[in-house]
Amino acid sequence: MVPTGLQEAVEARVVERSEQRRRRIELLQEPGGIAMADDPARVATRIDRLSRYHPDVRPVSPAAIAAHEPAAMAAAGAILERIIQTNDLLGVAYLEGGVAAARAVGRITIRDRRGRLAGYGTGSLVSPELLLTNHHVLSDAGTAEPSIVEFDYQDGIDGRPRPLRDLPLDPGRFFLADEGLDIALVAVKASAAQLASFGFNPLVQAEGKAIVGDFVTIIQHPRGEKKQIALRENRIVDVKDLFLHYESDTDPGSSGSPVFNDQWEIVALHHASVPAPGHAELGGIVNEGIRVSRLLAFLRDQRLPSAQQALLDRVFAEQIRLPGTTPREPRPPLDGAARPTPAGTARPGPDGWTPDGWRPDGPVPAGTASEGTASEGTASEGTARPPSDGTARTLAVTAPFDLYIRCEAADPGRRSPTQEAVSIDPDYSNRRGYDPAFLAGGHRVPLPALHPDLVPLAAVNRSPSPAAGPPYVLPYHHFSVVLNKRRRLAFFTAVNIDGNASVRLRREPDRWTFDPRVPEEHQAGEEIYRANPLDRGHLVRRLDPAWGPSRGVAKLGNDDTFHFTNCAPQHADFNQNQTTWAGLEDYILENADNRDLTVSVFTGPVLADDDDPYRGVQLPRQFWKVVVMVKRNGELSATGYLLSQERLINGLEVVPEDFSYGEYKTFQVPVRRIEGLTGLSFGDLVAADPFDRMESTTTAKEISDPRRIQL
């Protein structure tokens, strides 16, 4: 039985979205309308996800769909009409997948402490040990303790009941619930062999699993009856931040049922059905499910005792449904662009950006930190907050089963940065790269010029864009890179930063990738970083290009920074050290006499001849940065910085010595001195350097406080 408060909340959401839902349903009736019925970026990621299952589908650029380019919209509409708005002819693999998915779904028999029947629900194994259902089915560990899950409560193909397999729940081993999201995750008490016979339905992190117009299938135990299936003629009619709304046949007892797309990926956790006045075409009913992306984001934020954390981590690590099966790898895109290959890898998504990147309104235990930013040398960028409505949530952890952590709402109304899974836009043709005319006042700041002796060492872009500059420039979203193919590291990076349009996207675990436009042997890849204290250090900071008119555009820039071309090996003591280097751009954007809150930044390693070799790569000992802005009086200002060990600064000459790491410090230096160290030419920026006019060119001023910067 759905609690009254939950029912009322769902009804309110359904009523609130009546007009949007009506417009979207109308669009679905138009030829090609399915490509316009949802957020353009979400549509693009859905097409990309479908390409894993349909070899003839070519990904469509998110930027092109967002711009409503006619060719892109026509291609998107044709793909979605053919695959989703189909005439119900499906391959037999659909049935095979359904059989596998159904094996992991069971009926939850809810009992009170005296063993008396209190009700029914539905649950699905989502890892080898853990069962997922609703909070209102199993509200706490005390309710789960006497309850059981029954598998194979169904008829066989001969019409006879199958042997029932009832298993107790084990909240003493693991139990976690959240009332606001209406989810509960509990361990099942059984041997590994017993549970393995049922397999499980993995919670896939990848984006693009569902859009408005997609059909869904629900495997359920309505009213506690034998397992049934609401087969496919059930359509998603709305996608909200936390929930999906869809047509379907469900009844009490269906709570906790997994909601699948046609590829048998769980897209939501069903929890309620409510009246939809004025929507006769929906049978007068709208169903609501919790989006699996939001569920996963909540789970990822948890910090539990080690034994429970190990069980929870398997929800993310395991991707195999049945013994002997393997996750489907994505098909290489037809244009040869890179695409992440591990199962569960996410792709760019919609406005918030993602079907699979939560903008967390849900809580985490007090004191829980967000994902860190070690490889950028900055502190953690945000902690998930309790919901804005001030609702208190209960998280139950185990040993014993009645141990709880009470998380009271704090700082209501404040939203955390968006949690996003790192992904790479597969269409490299739409990247414009660094813009020399980005700054205000008509100032043009071109890319640094390579010394003629360095040009032969630059890796050539196999798909050059004339607008991006010389053929060795690699353009990305809002930044560019020039790569030294001999050193396998960047000569320099160049990024435009717009402080007025920046988006604070919260960091997810790193997923670095090669750039397919240059040979992999010209890029320092993962082999450099294995089993050692070296970090993958961003040159263009992750958040610097994360700006634009929408979160989707911002995420394109954010994710592009995870190319190995933008990476430099940095010792952990260096990369994680909190120096003023980490905040130079932020300080100049927000505190300097900066017109329009925009800057252009050039960054790179000092590629010295005597840098020590390691696994085929010489490791840089120093890094430089040049920050350019327009002051309020209209003048251009360019300032140079060097990050180095103190003992390596001796008139700014590199002192030959063994490669070792000590205390790194930030120094302001003349731009012309960076030219001498790198072989690059910054042209007119030397004349725009106030430090050069005031200090000796052999002097370096340590910056222990950003206020000491000479602008």
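**Aromatic pairs and strands in a predicted model**

A search of the whole structure finds eleven aromatic pairs. Before I go through some of them, note that this is a predicted model.

Take Phe151 and Phe198. Their rings are stacked, 4.2 Å centre to centre, with 20 degrees between the planes. Phe151 belongs to strand β4, while Phe198 sits in the loop between α8 (192–196) and β8 (217–220), so the pair ties together parts that are 47 residues apart in sequence. Are these two residues buried or exposed? Both Phe151 and Phe198 are buried.

Next, Tyr434 and Phe602. The ring centres are 5.5 Å apart and the planes stand at 50 degrees, so this pair counts as tilted. Tyr434 is in the loop between β17 (418–419) and β18 (449–450), and Phe602 is in strand β25, so the parts tied together here are 168 residues apart in sequence. Tyr434 and Phe602 are both buried. Ring pairs also link Tyr434 and Phe602 with Trp624 and Phe682 into a cluster.

Two arginines sit over rings as well. Arg107 lies over the face of Tyr153, 4.0 Å from the ring centre. Arg517 has its charged end over the ring of Tyr476, at 4.8 Å from the centre.

Now the strands, starting with the sheet that holds β4. Seven strands form this open sheet, in the order β5-β4-β1-β2-β3-β7-β6, with antiparallel pairing. At the edges are β5 (165–168) and β6 (175–178); each has a single partner strand, so one side of each is left without a neighbour in the sheet. On average, neighbouring strands in the sheet are turned by 30 degrees against each other, direction ignored. Within it, β1 (residues 105–111) and β4 (residues 148–151) are joined by three bridges, and Ile108 stands opposite Val149 in β4.

The other strand to look at is β21, residues 489–498, where ten of ten residues are buried. Which strands does β21 pair with? One is β20 (residues 479–484), antiparallel and joined by six bridges, with Phe479 opposite Val495 in β21. The hairpin of β20 and β21 has four residues between the strands, and there Arg488 takes a positive phi near 65 degrees. Another is β25 (residues 598–605), also antiparallel over six bridges, with Asn496 facing Ser600.

Last, the chain as a whole. The chain has 15 helices and 32 strands, and 60% of its 711 residues count as buried. Of the contacts between residues at least 6 apart in sequence, 71% join residues at least 24 apart.

Note on methods. Residues are numbered from 1 along each chain as its sequence is written. This is a predicted model: local features need pLDDT of at least 70, side-chain atom pairs count only at pLDDT 80 or more; totals for chains, interfaces and linings use all residues. Side-chain values use heavy atoms; hydrogens and water are left out. Helices (H or I, at least four residues) and strands (E, at least two) are DSSP runs, numbered from the N terminus. Buried means under 20% relative accessible area, exposed over 50%, partly exposed in between (1.4 Å probe, protein chains only). Contact means heavy atoms within 4.5 Å. Two strands pair if DSSP finds at least two bridges between them. Axes are lines fitted to C-alpha atoms, for helices over the stretch in contact, and angles run from 0 to 180 degrees between N-to-C directions. Rings of Phe, Tyr and Trp (its six-membered ring) pair if their centres lie within 6.5 Å; planes under 30 degrees apart count as stacked, over 60 as edge-to-face and the rest as tilted. A charge sits over a ring if NZ of Lys or CZ of Arg is within 6 Å of the ring centre and within 35 degrees of the ring normal.
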